[in-house]
Amino acid sequence: MATNGTSDIKRKQGIVSSLCKHFSLDPKAFSSQVPGNDIKTLYINILKSSGKESPQNNDEVMKWIAFADSFPGDSKACYGGLNELNTDLAKKSVLLGNGFTPSEADVIVFSVIHSSVIALSTPEKEKLPHVMRWMDYIQNSEDLGAHFEKILLEKPVFEPQMAKAAAKPEVTSSAKGTVQNTKIADKPDAEKNAKKSDSVDAKKKAKGDKEAVPEKKAPEKEASDKDKELSVSLLNIQVGLIRKAWKHPSADSLLVEEIDVGEAKVRQVVSGLAKYCSPEDLTNRRVVLITNVKPGKLRDVMSEGLVLCASNEDHTKVEPLLPPEGAKPGEPISFSGIDGKPEDVLNPKKKQLEKITPNLFTDEKGVATFKGIPFMTSAGPCTSSIPKASIK
């Protein structure tokens, strides 16, 4: 490990603490082993004490242990390794296995890179979105808050400038009015009337300023509502299995599918796929669909969902997203780090779907994402054979 002696011991102590937390062991039992052993030996000793067998993907575990062992301590030198890790995490939520269950490899790598990530500047962290998402997930899943400082991206606080501008006239007008009223008592009537008129004008101006403030703040609220609508959590996205497909009786560009989404009866969905797929291509095929769109008729045929498809730039190639082998019909698609309850039925008037879909695309490896976060199932991410495609 490319660190000095003190830093090396500190890293290994962090690894031991995290692994013991992962395996529900007391880290004190291994504290004496830290100085004289490498990461691999410490892992094997802790694994034996846990009474668990070596994992089936032990070679992969060893690969990540080697990554951790060679990870440099210098913050500048480590950035290349973090970039590689960021690329690897773009298509999955954890380092090993399917789904979202962290492995011992996740715990070890997290423990090793934590101090280096802490030392990065905010712009550097923003360039590693998959690493940051993964670290937040591992820290929360493994409950490592007692051992490692929480890593947060600093976000600028928005303060409306108009509110500040309005505050100044309000205070000044009030103070000015008090002084004027005091002086008016010692002035002739003509001056009193003149001053009174000025005071009334000032009060009107101050009142006008006060009334203007809510109007200036309104766009801020609208922006907040807009951001909320952009969350993919509003969509109920599920794995489906097409049981049957046929051509639409009165539209050459449309197909009709009966899709199993784990409900008592199949859903009937109309899709504009006739130019790109035959009914035979779609039969018994897994797909990804939005099930909380408002049901409606397309050319007199009822449709109860929307099959999500990837499309290249000139729209000459279109195909439904493909959930991985093992994903079950009805299983919800999740996005790591994004929580929220889907709407019962999307409101077409709010154009929620139109605001969300521009953020849906496949990455360079064909993994379906929302703002770079993979569409995940218990068996892994959803994909397409079309890289860097839009998804609608």
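W64, F67 and F71 are linked into a cluster by ring pairs. The model is predicted. Across the whole structure, a search finds five aromatic pairs. Helix α5 packs against α2 and also against α7.

**Aromatic pairs**

- A pair of aromatic rings is described by how far apart the centres are and by the angle of the planes.
- F110 and W134 form an edge-to-face pair. Their centres are 6.4 Å apart, with 65 degrees between the planes.
- This pair links distant parts of the chain. F110 is in helix α5, and W134 is in helix α7 (residues 129-141). The two residues are 24 residues apart.
- Both F110 and W134 are buried.
- F335 and F370 also pair, with ring centres 6.2 Å apart. Their planes stand at 75 degrees, so the pair is edge-to-face; the cut-off for that class is over 60 degrees.
- F335 and F370 link distant parts of the chain, 35 residues apart. F335 sits in the loop between β9 (318-320) and α11 (352-356). F370 belongs to strand β11 (residues 368-370).
- F335 has a relative accessible area of 8%, so F335 is buried. F370 has a relative accessible area of 4%, so F370 is buried too. Buried means under 20%.

**Helix α5 against helix α7**

- Two packed helices are described by the angle between their axes and the distance between the axes.
- The axes of α5 and α7 come within 11 Å. They cross at roughly 120 degrees.
- The two helices are therefore oblique to each other. The crossing of α5 and α7 is left-handed.
- From α5, the contact uses D106, V109, F110, I113, H114 and V117. From α7, it uses V131, M132, W134, M135, I138 and Q139.
- By class, this contact has nine nonpolar, two polar and one charged residues.
- F110 and W134, the edge-to-face pair, are both part of this contact.

**Helix α5 against helix α2**

- Helix α2 covers residues 39-50, and helix α5 covers residues 104-119.
- The axes of α2 and α5 come within 12 Å and cross at roughly 140 degrees.
- α2 and α5 are therefore oblique to each other. The class of roughly antiparallel needs an angle over 145 degrees.
- α2 passes α5 in a right-handed crossing.
- I39, Y43 and L47 make the contact from α2. E104, I108 and V112 make it from α5.
- The residues of this contact divide into five nonpolar, no polar and one charged.

- D300 lies in the loop between β5 (296-298) and β6 (301-303).
- The relative accessibility of D300 is 69%, so D300 counts as exposed. Exposed means over 50%.
- K388 is in the loop between β14 (380-381) and β15 (390-391).
- The relative accessible area of K388 is 68%, so K388 is exposed.

Terms used: Residues are numbered from 1 along each chain as its sequence is written. This is a predicted model: local features need pLDDT of at least 70, side-chain atom pairs count only at pLDDT 80 or more; totals for chains, interfaces and linings use all residues. Side-chain values use heavy atoms; hydrogens and water are left out. Axes are lines fitted to C-alpha atoms, for helices over the stretch in contact, and angles run from 0 to 180 degrees between N-to-C directions. Helices (H or I, at least four residues) and strands (E, at least two) are DSSP runs, numbered from the N terminus. Angles under 35 degrees count as roughly parallel, over 145 as roughly antiparallel, 65 to 115 as roughly perpendicular and the rest as oblique. A crossing is left-handed if the near helix is turned anticlockwise from the far one by less than a right angle, and right-handed if clockwise. Contact means heavy atoms within 4.5 Å. Ala, Val, Leu, Ile, Met, Phe, Trp, Tyr, Cys and Pro count as nonpolar, Asp, Glu, Lys and Arg as charged, and the others, Gly among them, as polar. Rings of Phe, Tyr and Trp (its six-membered ring) pair if their centres lie within 6.5 Å; planes under 30 degrees apart count as stacked, over 60 as edge-to-face and the rest as tilted. Buried means under 20% relative accessible area, exposed over 50%, partly exposed in between (1.4 Å probe, protein chains only).
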